[in-house]
Amino acid sequence: MATTIRRAVIPAAGLGSRLLPLTKATPKEMLPVGDKPVIEHTVRELVASGITDITIVVSGGKSLIQEHFRPNPALVDQLRADGKAAYADAVEEVAELSRRGHITYLDQHGPYGNGTPVLNAARNFGDEPMLVLWPDDVFVAKVPRAQQLIRAYEATSCPVLALMPMEPGDSQRYGVPVVKEDLDDGLLRITGLVEKPKPADAPSAYAAIGGYVVTPGIIDELREQTKRWYEHKTGEVYLTNALNAYAASRAVYGQVIQGRWYDTGNPADYLVAQFASALAHPEYGPLLRQLARDLDGHPSANPTS
C-alpha cells in the first residue's frame with residue numbers, strides 16, 4: 001500500500017492567450033467562476049482532499065493570485081467595524097485556505113511547456129509523489145477529483161492520470177489513453193497517450209483531462225527531456241511526453257473521474273462554466289432561468305442581437 005499524497009503543484013504561469021483581451025491585465029486564474037476565482041476552486045479541492053503543501057508556479061504579472069490568498073487584517077477589521085461580518089468572515093476564510101494548504105509560490109524557470117513548472121516544484125519535494133492540477137479546471141463531484149486520484153495512487157503505488165469518457169468526435173481535442181486493462185471502479189491500466197488523434201485512430205473512448213499523480217520516475221523523465229532541450233533548444237517540455245516515456249516500460253494507471261468537468265481555458269467553455277455555476281446557485285439560478293425564458297420568447301430583447 002502506497003503512502004498517501006500531501007503535496008500538490010498548480011502550474012499558473014501561462015499567458016491565457018486564448019482568452020485575450022480579457023486576460024491582458026487579469027491572470028486567467030483569477031477570472032471568476034461563480035463567486036470565486038477559478039484557481040480558488042482548485043485550491044479548495046486540494047485542501048478538501050487532505051493536501052497540506054501546495055506550490056503555485058507563477059510567472060510575471062501573476063501577483064493578484066498571491067494578493068487573493070494573502071491575509072488582509074485591515075480589510076477584515078474595516079468590514080467588522082462597518083457591521084459587515086459575513087463579508088469579513090468570507091475574506092478570512094480565503095486566507096485560512098492559504099494556511100491550511102500551506103501555499104507557497106515559485107517563479108517558473110526553464111523551457112516552455114507544461115512539464116517545466118512540475119520540474120521546478122519537484123526540486124523542493126524530494127522523492128515524494130505529488131498531485132498536479134491545472135488552475136483552469138473546475139470539477140463538481142461528491143468526492144473531489146483530487147481525492148479520487150489519491151485513492152487510485154494508494155491502490156497502485158504508480159502514476160495516475162485523470163480520465164473522463166468522451167464523445168468519439170472530440171478525440172482531436174485531447175490526449176487519448178491506450179488502455180491495456182480495465183480493473184473496475186474506473187481504474188484502467190494504460191500504456192501511453194495518443195495526442196489529439198482522429199476519431200478513427202483514437203485508441204479508447206476516454207480523454208485525459210488534466211489531473212495527475214506524478215511520481216519520482218516521471219520527474220526523472222522530465223529531467224531527461226529538459227537536458228535534451230538545453231542541448232538542442234528545440235520543442236517543448238511536456239508532462240504527457242514524460243508519462244509516455246515512463247509508460248513504455250513501467251505501470252501507469254488512469255482513473256475515470258466521477259463528476260462534472262468544466263474547462264475555463266477558452267471563451268466558449270468559460271461561459272459554460274460561468275452559466276452552470278450560476279444556474280446551480282440557489283439565488284441566482286431561478287433569475288437566470290427566468291431571463292433565458294424571457295429572452296427566448298422575445299429575441300429582440302437580447303442585448304447582443
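These legends describe close-up views of a predicted model.

**View 1. Strand β11 and its cover.**
Strand β11 spans residues 206-214. Eight of its nine residues are buried, so the strand is mostly covered, with buried meaning under 20% relative accessible area. In a regular strand, side chains alternate between the two faces of the sheet.

**View 2. Strand β6 beside β11.**
Strand β6 covers residues 130-133. β6 and β11 run antiparallel and are joined by four bridges. Within this pairing, Leu133 stands opposite Gly211 of β11.

**View 3. Strand β8 beside β11.**
Strand β8, residues 160-165, also pairs with β11. The sense is antiparallel, and the pairing extends over five bridges. Val160 has Val213 of β11 as its bridge partner.

**View 4. The largest pocket.**
The largest pocket holds about 1,300 Å³ of space. Its lining consists of 38 residues. Nearest the centre of this pocket lie Arg18, Lys28, Asn114, Trp134 and Asp136. By class, the lining has 16 nonpolar, twelve polar and ten charged residues.

**View 5. Strands that line the largest pocket.**
Four strands each supply at least two lining residues: β1 (7-12), β10 (187-195), β11 and β13 (260-263). The largest share comes from β11, with four residues. The mostly covered strand β11 thus returns here as part of a pocket lining.

**View 6. The second largest pocket.**
The second largest pocket has a volume of about 490 Å³. It is lined by 25 residues. Val33, His41, Val138, Val140 and Ser277 lie nearest its centre. Two or more lining residues come from each of α1 (38-48), β7 (137-140) and α9 (267-280). Helix α9 gives the largest share, six residues. The lining of the second largest pocket comprises twelve nonpolar, six polar and seven charged residues.

**View 7. Helix α9 and its packing.**
Helix α9 has 14 residues. From first C-alpha to last, α9 reaches 20 Å, close to the 20 Å expected at 1.5 Å a residue. Asp269, Tyr270, Ala273 and Ala278 of α9 are buried. An α-helix has 3.6 residues a turn, so residues three or four places apart point the same way. The buried residues of α9 pack against β2 (32-33), β13 and α10 (284-297).

Methods:
Residues numbered from 1 in each chain as written. Predicted model: local features only at pLDDT ≥ 70, side-chain atom pairs only at ≥ 80, totals over all residues. Heavy atoms only, no water. Buried < 20%, exposed > 50% of the residue type's maximum accessible area, 1.4 Å probe, protein only. Pairing = 2+ DSSP bridges. 1 Å grid on protein atoms, 1.4 Å probe; cavity = no way out; pocket = protein on both sides within 12 Å on 5 of 7 lines; lining within 4 Å. Points joined across faces, edges and corners; volume = space filled by probe spheres on them. Nonpolar A, V, L, I, M, F, W, Y, C, P; charged D, E, K, R; others polar. Expected span 1.5 Å × (residues − 1). Contact = heavy atoms within 4.5 Å.
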